[in-house]
Amino acid sequence: MLNIVLFGPPGAGKGTQSQKLITHYNLVHLSTGDLLRAQIAQGTELGLTAKKLMDEGLLVPDEVVIGMIGSSLKTNPQAGGFIFDGFPRTVAQAESLDRLMAEHQTNISCMIALEVAEEELVTRLLERGKTSGRPDDQDETKIRRRVTVYNTETAQVAGYYAAQQKFHALNGIGPIDSIFTEICGLIDQHQAAAPENPAAATSEVKA
Ligand code: ADP
């Protein structure tokens, strides 16, 4: 199974690249932001609570998003793999994801981080806000708060995956297709070197 964590600040392009990756690698896309917005659209109690936090650019509680990811994994037993987009956003979420993966007899293959500077993120999100209808995309103060939350609470998740030799970062500024090609290159490289891949052992002997 190929299980990718797509990482980066709000507006880095995770959603755009996820759409291309699910087709290319035949994966199921799990975006906690999308799952939360579906709850809001359905008017559930969870959605109502989450909306207040999301509109302010704050994180929703770990147990809420972990619960949603746990259910989504159960409802997709035939998946060849997953792209996690916008999750995990805290180290506690990353630890829970490892546990959930182990329960499903699999693991996270690698994390790909898209790096984009704050001013570019603000420009992109304000532009997206003109059509997305998302309250958190329409106000610069909220956008900057999301970036601050990313820097203070989420960025450290990179270290969690780096410690497992699963972290790869690339520049998220440039043509969408070039970034996609770079991401695929990193994933393919990682797959080829994976210990469970018999070809990896052979290539190591050759090298
Ligand atoms: P973006 O990456 O542009 O911020 P998302 O759709 O991923 O957009 O997230 C929107 C909002 O949903 C976040 O600002 C946060 O309030 C909430 N959210 C999404 N995923 C998580 C998560 N894993 N943990 C906590 N809150 C989350």
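Analyst: Start with D136 and R146: their side chains meet in a salt bridge, 3.8 Å from N to O. A salt bridge here is a side-chain nitrogen of Lys or Arg within 4 Å of a carboxyl oxygen of Asp or Glu. The pair links distant parts of the chain, 10 residues apart. D136 is in the loop between α6 and α7 (140–154), and R146 is in helix α7. Helices (H or I, at least four residues) and strands (E, at least two) are DSSP runs, numbered from the N terminus.

User: What should I know about the model and the numbering?

Analyst: This is a predicted model: local features need pLDDT of at least 70, side-chain atom pairs count only at pLDDT 80 or more, and totals for chains, interfaces and linings use all residues. Residues are numbered from 1 along each chain as its sequence is written, and side-chain values use heavy atoms, with hydrogens and water left out.

User: Back to that pair. Are D136 and R146 buried or exposed?

Analyst: Both D136 and R146 are buried. Buried means under 20% relative accessible area, exposed over 50%, partly exposed in between (1.4 Å probe, protein chains only).

User: Which residues share partners with them in a network?

Analyst: Salt bridges with shared partners join R128, R134, D136, D137 and R146 into one network. Within it, R128 and D137 meet at 2.7 Å, N to O. R128 is partly exposed at 32%, while D137 is buried at 0%.

User: How many salt bridges in total?

Analyst: The count is 14. Another one is K130 with E127, where the closest N and O atoms are 3.0 Å apart. Both lie in helix α6 (residues 118–132), three residues apart, about one turn of the helix. K130 is exposed at 64%, and E127 is partly exposed at 46%.

User: New topic. What order do the strands take in the sheet?

Analyst: The open sheet has five strands in the order β2-β3-β1-β4-β5, with parallel pairing. Two strands pair if DSSP finds at least two bridges between them. The edge strands, β2 (28–31) and β5 (167–171), each pair on one side only.

User: How many bridges join β4 to β5?

Analyst: Five, and the two strands run parallel. L114 has L170, in β5, as its bridge partner.

User: Which helix packs on the sheet, touching β1, β4 and β5?

Analyst: Helix α9 (residues 176–193) does. Its direction makes about 160° with that of β5. Axes are lines fitted to C-alpha atoms, for helices over the stretch in contact, and angles run from 0 to 180 degrees between N-to-C directions.

User: And the largest nonpolar core, how many residues?

Analyst: It has 28 residues, and I69, L73, F84, L97 and Y161 have the most contacts inside it. A nonpolar core is a set of buried Ala, Val, Leu, Ile, Met, Phe, Trp, Tyr and Cys residues joined through side-chain atoms within 4.5 Å. Helix α4 gives the most, with five residues.

User: What does F84 touch?

Analyst: Its contacts (heavy atoms within 4.5 Å) include I4, L30, I69, L73 and M101, not counting residues up to four places away in sequence.

User: How many disulfides?

Analyst: Zero, taking a disulfide as a pair of cysteine sulfur atoms within 2.5 Å. For C110, the nearest cysteine sulfur is that of C184, 11 Å away. C110 is buried at 1%, and C184 is buried at 7%.
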